[in-house]
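This briefing concerns the pockets of one protein model and the residues that line them. The sequence and structure are shown first.

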Amino acid sequence: MAAPREHGSPEDDYTAAPFVPGGGAGLDELRAAAARCRGCPLHRDTTQTVFGEGAPGARILILGEQPGDQEDRRGEPFVGPAGKVLDRALEEAGIDPAQSYVTNAVKHFKFEYASAGRGKGGDSSGTKSKRRIHKAPSLREMTACGPWLAAEIALVEPELIVVLGATAGKALLGSSFRVTKQRGVLMEQDVHGRTERLLATIHPSAVLRADDREAVRRGLVEDLRVAAGALGTS
Ligand code: URA
């Protein structure tokens with residue numbers, strides 16, 4: 001019989017706070033500590049924590065939702081198909097990757113196994129395939145991971161935060177955030193107790209799902225051009 005779960009652990013409370021190092025820790029120390037985070041159950045089925053990447057003094061912080069399958073395997077954000085869309089859009093908008101810090105609202109990959117027969121990797125045997133497909137993080141999981149994001153923002157001190165998609169927007173700005181209404185405009189928002197300049201746009205994976213990919217991709221680039229304009233790089 002399985003041992004009963006102990007109560008009172010951070011996993012029960014759903015918070016990363018006890019794992020986040022205190023004052024004086026730099027991004028490398030934060031990354032090392034995040035690798036041991038047990039602040040919610042998502043770490044159990046993943047390969048590793050995927051922490052943010054980029055220069056400590058980056059001018060722009062780009063916020064995604066959560067790592068995908070490839071990011072989980074490689075341990076870096078936005079290295080899969082959505083990352084390729086993002087890289088190209090940033091380049092077209094005139095945003096230098098060397099001036100960017102890229103991270104996610106949730107640092108572990110939440111997924112389910114594709115049902116047999118569903119898309120690539122599925123079969124007709126009635127069993128689950130080995131293909132892992134993205135599952136949206138819950139508000140509780142996003143809130144649990146919030147202390148990591150707050151610590152990253154405090155250390156990077158970006159001039160602008162670019163929020164990619166509805167889930168990242170809700171994680172940062174609350175459940176009333178609507179990407180369709182708030183995209184493409186510069187905003188000033190209270191984020192973890194600091195006033196931040198912020199711009200929201202669609203998630204690059206929306207380009208991959210769209211029927212008219214090029215039109216949706218152009219919209220992403222247009223929004224990012226507003227961000228580049230705000231930084232004076234366009
Ligand atoms: N989608 C995200 O939101 N983040 C990643 O790192 C990869 C895909």
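**Pocket briefing**

Helix 4 makes the greatest contribution to the lining of the second largest pocket, with three residues. Helices (H or I, at least four residues) and strands (E, at least two) are DSSP runs, numbered from the N terminus. The model is predicted: local features need pLDDT of at least 70, side-chain atom pairs count only at pLDDT 80 or more, and totals for chains, interfaces and linings use all residues. Residues are numbered from 1 along each chain as its sequence is written, and side-chain values use heavy atoms, with hydrogens and water left out.

**Second largest pocket**

- Its volume (the space filled by probe spheres set on grid points joined across faces, edges and corners) is about 200 Å³.
- A pocket is an open set of points, on a 1 Å grid over the protein atoms alone, where a 1.4 Å probe fits, with protein on both sides within 12 Å along at least five of seven lines; lining residues have an atom within 4 Å of a point.
- Among its lining residues are E53, G54, L86, D87, L90, S100 and V102.
- Strand 1 (53-54), helix 4 and strand 3 (100-104) each supply at least two lining residues.

**Largest pocket**

- The largest pocket holds about 950 Å³ of space.
- Its lining comprises 32 residues, of which G68, A82, H134, S205 and L208 are the closest to the centre.
- Two or more lining residues come from each of helix 3 (69-74), helix 4 (81-93), strand 5 (128-134), helix 6 (165-173) and helix 8 (204-209).
- Strand 5 gives the most, with five residues.
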